[in-house]
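Please look over these notes on the ligand site.

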Amino acid sequence: MTTRIGIDAGGTLTKIAYWDEFNEMDFKRFRSSDFHKVKDWIDSNHPNASICVTGGRAEQLKKYLNTNKEIPYIVEFDATMNGVMYQMQRGSNQPKAAIIANIGTGTSIHIMQESSHKRLGGTGIGGGTLLGLGMALTGISDFDEIINQSRNGKRTAIDVLVSDIYKDNKLPIKGTLTASNFGGISLNNSNNTSPSDLLAGVQGIIGEVVASLCIQVADAHHVEDIIYIGTTLEDNELLQQIIESYTVLKLKKPIFLDHHGYSGAIGALLEYTK
Ligand SMILES: Nc1ncnc2c1ncn2[C@@H]1O[C@H](COP(=O)(O)OP(=O)(O)OP(=O)(O)O)[C@@H](O)[C@H]1O
Ligand SMILES: [Mg+2]
């Protein structure tokens with residue numbers, strides 16, 4: 001039997017979902033700057049595979065793969081939503097409607113109702129911001145190193161909280177909410193911040209911007225569940241925590257999937273079983 005492979009060639013990472021020899025879904029990931037490694041992996045492991053691609057860099061990858069076989073392309077948002085639905089159906093939680101935020105290089109926000117979906121908006125704040133701002137502020141360029149360092153960081157000197165401003169006043173909103181991300185650096189003239197603190201602050205920007213956008217669209221569409229996906233969340237407990245606590249505080253239900261960044265690849269793979 002020919003192996004089937006779904007590939008999501010994203011702005012930063014190329015994700016692969018495929019059925020292994022035990023008929024289990026398996027996953028693989030490469031940098032999108034390493035398309036030759038994607039080709040080598042396919043040529044060495046699954047030379048006769050039927051491939052389906054999605055993602056913004058799908059056309060570039062197709063040229064690279066240069067096979068005689070037809071490689072169908074699925075629109076990224078369709079593939080991603082199908083991948084999310086598949087994962088939700090396998091779990092016990094199957095909301096009728098949900099907001100989906102894909103925190104990739106940038107962030108795209110969608111609503112899924114029954115089996116239809118629509119893009120509602122997005123922001124340029126995403127995983128690329130974590131890597132880029134992280135690198136600009138600390139010189140650290142490796143994602144794992146960035147999330148490891150940020151784990152030990154403190155945001156007290158970096159951010160301004162509502163309670164910092166409303167010191168002796170009655171609080172109009174919860175005091176622990178961030179009033180200004182990174183505002184503390186200039187307001188408090190803090191110059192004793194460590195790289196860990198700065199990286200924790202960057203995680204704060206990403207988590208709070210994305211979560212607050214999602215909360216607002218969830219309110220506008222009367223939806224309770226917000227599914228956060230994208231490889232930016234992979235092994236990144238701090239970002240998950242920031243997103244989770246803010247979403248819960250605003251009385252919405254945050255959902256994280258096991259295979260954070262693979263929804264697009266799963267959707268492309270499933271195209272064969274339709
Ligand atoms: N090994 C890694 N190398 C680089 N980035 C990583 C790595 N692991 C996790 N990341 C994070 O994942 C982000 C990319 O997420 P994802 O794979 O979902 O996006 P993408 O599909 O490449 O981009 P887009 O969907 O916007 O085109 C990076 O910006 C980075 O923050
Ligand atoms: Mg993507």
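The points below cover the site around the ligand.

1. This is a predicted model: local features need pLDDT of at least 70, side-chain atom pairs count only at pLDDT 80 or more, and totals for chains, interfaces and linings use all residues. Side-chain values use heavy atoms, without hydrogens and water.

2. The shell around ligand 1 holds 18 residues (a heavy atom within 4 Å). Gly11, Thr12, Lys15, Thr105 and Thr231 come nearest.

3. Polar contacts are pairs of N or O atoms within 3.5 Å. A polar side-chain atom of Thr105 is 2.6 Å from an oxygen atom of ligand 1. Backbone polar atoms also reach ligand oxygens: Gly127 at 3.0 Å and Thr232 at 3.4 Å. The protein covers 87% of the 650 Å² of accessible area that ligand 1 has on its own (Shrake-Rupley, 1.4 Å probe).

4. By class, the shell has four nonpolar, eleven polar and three charged residues. Gly counts as polar here; Asp, Glu, Lys and Arg count as charged.

5. Which elements each supply at least two shell residues? They are β2 (13-19) and α4 (127-138), both taken from DSSP runs (helices H or I, at least four residues; strands E, at least two). The largest share, three residues, comes from α4.

6. Domain 1 (4-76 + 263-273) and domain 2 (127-256) each give the shell at least three residues. Those bounds come from an automatic or database domain assignment.

Note on methods. Residues are numbered from 1 along each chain as its sequence is written. Chains are lettered from A and ligands numbered from 1 in the order in which they are written. A polar contact is a pair of N or O atoms within 3.5 Å; within protein, one must be able to donate a hydrogen and the other to accept it, and residues adjacent in sequence count only if both atoms are side-chain atoms.
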